[in-house]
Number of protein chains: 2
Amino acid sequence: MKCSIPKGTRDFLPLEMARRNYIFDTIREVYKTFCFVPIETPAMENLSTLLGKYGEEGDKLLFKILNSGNFMDGVSVTDDYKKMSLAFCERGLRYDLTVPFARFVVQHRNDITFPFKRYQIQPVWRADRPQKGRYREFYQCDADIIGSSSLLNEVELVQIIDDVFKKLDINVTLKINNRKILAGIAEMIGAPDKLVDITVAIDKLDKIGLDNVNKELLDRGLSEKNVADLKPIFELSGSDKEKLNQLEVLFQNNEIGTKGIAEMRTLFEYIDDNPTQCTIEFDLTLARGLNYYTGAIFEVKAQDVAIGSICGGGRYDNLTGIFGMPDVSGVGISFGADRIYDVLTELNKFPSDLEQLTEVLFINFGEKETKYCIRCASKMRKAGIKTEIYPEAAKMKKQMSYADNKKIPYVVFIGEAEIENSTVTIKNMATGMQETISFDNLVEYFK
Amino acid sequence: MKCSIPKGTRDFLPLEMARRNYIFDTIREVYKTFCFVPIETPAMENLSTLLGKYGEEGDKLLFKILNSGNFMDGVSVTDDYKKMSLAFCERGLRYDLTVPFARFVVQHRNDITFPFKRYQIQPVWRADRPQKGRYREFYQCDADIIGSSSLLNEVELVQIIDDVFKKLDINVTLKINNRKILAGIAEMIGAPDKLVDITVAIDKLDKIGLDNVNKELLDRGLSEKNVADLKPIFELSGSDKEKLNQLEVLFQNNEIGTKGIAEMRTLFEYIDDNPTQCTIEFDLTLARGLNYYTGAIFEVKAQDVAIGSICGGGRYDNLTGIFGMPDVSGVGISFGADRIYDVLTELNKFPSDLEQLTEVLFINFGEKETKYCIRCASKMRKAGIKTEIYPEAAKMKKQMSYADNKKIPYVVFIGEAEIENSTVTIKNMATGMQETISFDNLVEYFK
């Protein structure tokens, strides 16, 4: 029988687990110090909760779960497989943590205290075509504040991002934009309905250059005048603050654009007062997740590794509206654990002690010695020292190679002499040095 | 739009999460001190990995995942829904952690060091009829040692069970049996093929009494002589050791039964040498999971709460055989986190500090004060103190009731005087006492 797992999924071996947990623990600890509280939602949601929330493409990528029992009972089968999939399946695996969170907030509105700051670290599933760095099961690490429109929340998310990457020792650039500024631009040139087309085109400026962007804008249905009016946007220059000043002039009679400028300025002011270690950039081309975002938009890139965004987020003013609870503003971020893993691997920045899952191995010489070993090991474990006893009285060579394979730093030998004298003999595997100490000093030796 | 989640699944609110994590963390920490290493496997496995491993009933309880895209393409549809479910679905959600672990060991045999001691804490899914205390998504917390037949492994699992429940402060009884003893009994009475029937009947002794057990044995096809020969088994008496002695006499010419006795004695000898806090009982009626177990069988019950088993496990000699890697002996245990949760709730034994997710709340008086608050909060968070700033300059009453709802022990006020004098005013919410201290002493105050 062939052993394999579904395409796009992964097993995690102990060292990978230790490294992944290092990332999750770092993020979790920062979330906690900012008083975000954990929640979890089920892997399965009703399809009615999920469908229509991620666009047509997203609906296709949902994993659907076959109804239990006779799923065909009462269904008139046709060859319309989309229709059939909904007749056969009532539930699906969650696609992200945002929609389940919105559902959670509405469902538990009477059990939670607003503003509600939650974090959630759980896997999500997407039936995407598997490829390098893209999986069908992967973890998201989200934090959101819901029920407060204060910009202090944006400030705290910036601080969280800064803290996490400081702790992980990754140099990053945090790009910030504001949907209201993008909307202001679209209004300003008289094409408010072309907001998405404009941002998609602007987003390509770096890659394809101004001429091609203008061509694309015309293809997307903007007029020659629209494109001409956009010109000053592409000519913004100087520091972030200077760019905001230039935009302010352009937005003179534009309410939403002016509001976006004011939000950006407030945010920068707070940040200036409590400077971050990461580089912060106002990036007008940043337009991720434009579908829900209504205010700030965040994206983080590693400075020293060519990889996509490793964290992102933004403000959304009506996420819970889809579940019948309108006018609740929220703002959130999500760390991409898999990409952060790749960045830390490439930079060789995982702490080396993650590889050391055993601190001390007791060599097994037989039943009589093992009893003494158990006594020693119990004492050490009580003191929190990760201790194991080789389970069989195997050949010394085998036991020592087990210690080598597992990179165990200390090996303990208990023979007749040790039992008689209430001592233990300890070998430091790095130096090869061996010494015999009293049973009573065992714990202190390793502390 | 109605908000709900699928039957048998749950959302976890922050306090439930804190309590669940307390259980998981306790188990994980003990596993770690015994040098078990973590692994994770995907939620989905190929159905070929899962089917046929849990009996016919188990196959029905697997959640199957509809193939992506046109799942009907090339399938000739009949109304045999079982056949159709396999034509439409290649993958299913894992039903337990044991079969995926066996698959993992075979698949990664060249990447792991044997004996391999792994722990795994992940959810599993079963399409069981939901009822009180039975869920369709629940966590298992497994530890197994694979690749060693030494009884030291059983000893260590007993120590782990003892440590976990000591740390959780739950009084438990650990019942131990051995499949070889049960097999010896079946052989002794000349009915080796009736092993399962005998153990199922013996298991009911407490509940239905000897006469009914005998009746059931006859119904299950044992002869009058078989039943008469079983009589001495029901008459075993005295301490566990005395029972083993009586059994040994009965097993005089019975190899497998004698081996079972020897294993039990060795295990008890080790335990006597390193006594546990939990009560240990040899329980001949214990027969759980007889399908795979070949040696020791474990089951843990809480002493002060009437609830089923809260931990169980045993030795299996051929788990990986189903995946083409025979003769690898293993032994493992699994903690039932949901029932442990119920036990701790009933005994009121969750640590009270789990409810305290925020240590300090800064009251928000406006933008100018907030900047000073951010400076204070950054300092405190750097010291690991869980600190939040109320995000809006809301009415004092609203902010204070937020602190009350969240059981926050300290509230900090920053007004003009505090900013001017570089001080902060702290209110202890339990005593109502208020004091003003220097900004420089802020962290020490809470340490």
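## Basis

In this predicted model, local features need pLDDT of at least 70 and side-chain atom pairs count only at pLDDT 80 or more, while totals for chains, interfaces and linings use all residues. Residues are numbered from 1 along each chain as written, chains are lettered from A in the order written, and side-chain values use heavy atoms, without hydrogens or water.

## Interface

Chain B touches chain A with 103 residues, against 102 residues of chain A. Contact means heavy atoms within 4.5 Å. The two chains bury about 8900 Å² between them. Of this, 62% lies on carbon and sulfur atoms. Buried area is the accessible area (1.4 Å probe) lost when two parts are put together, summed over both.

Ten salt bridges cross the interface. A salt bridge puts a side-chain nitrogen of Lys or Arg within 4 Å of a carboxyl oxygen of Asp or Glu. One of them joins A:Glu156 to B:Arg381 (3.1 Å, N to O). On the side of chain B that touches chain A, helix α14 (residues 367-382) of chain B gives the most, with seven residues. Helices (H or I, at least four residues) and strands (E, at least two) are DSSP runs, numbered from the N terminus. By class, that side of chain B has 48 nonpolar, 30 polar and 25 charged residues. Ala, Val, Leu, Ile, Met, Phe, Trp, Tyr, Cys and Pro count as nonpolar, Asp, Glu, Lys and Arg as charged, and the others, Gly among them, as polar.

The same surface serves both copies: 99% of the contact residues of chain B recur in chain A.

## Sheet in chain B

Eight strands of chain B form an open, mixed sheet, ordered β1-β5-β6-β11-β10-β9-β7-β8. Strands pair if DSSP finds at least two bridges between them. β1 (37-38) and β8 (279-282) of chain B are the edges; each has a single partner strand, so one side of each lacks a neighbour in the sheet.

Strands β5 (residues 116-125) and β6 (residues 137-146) of chain B pair antiparallel over ten bridges. B:Val124 stands opposite B:Phe138 in β6(B).

## Salt bridges overall

The whole structure holds 62 salt bridges over all chains. Among them, B:Glu355 meets B:Arg19 (3.6 Å, N to O). This pair links distant parts of the chain, 336 residues apart. B:Glu355 sits in the loop between α13 (337-347) and β12 (360-362) of chain B, and B:Arg19 in helix α1 (residues 14-33) of chain B.
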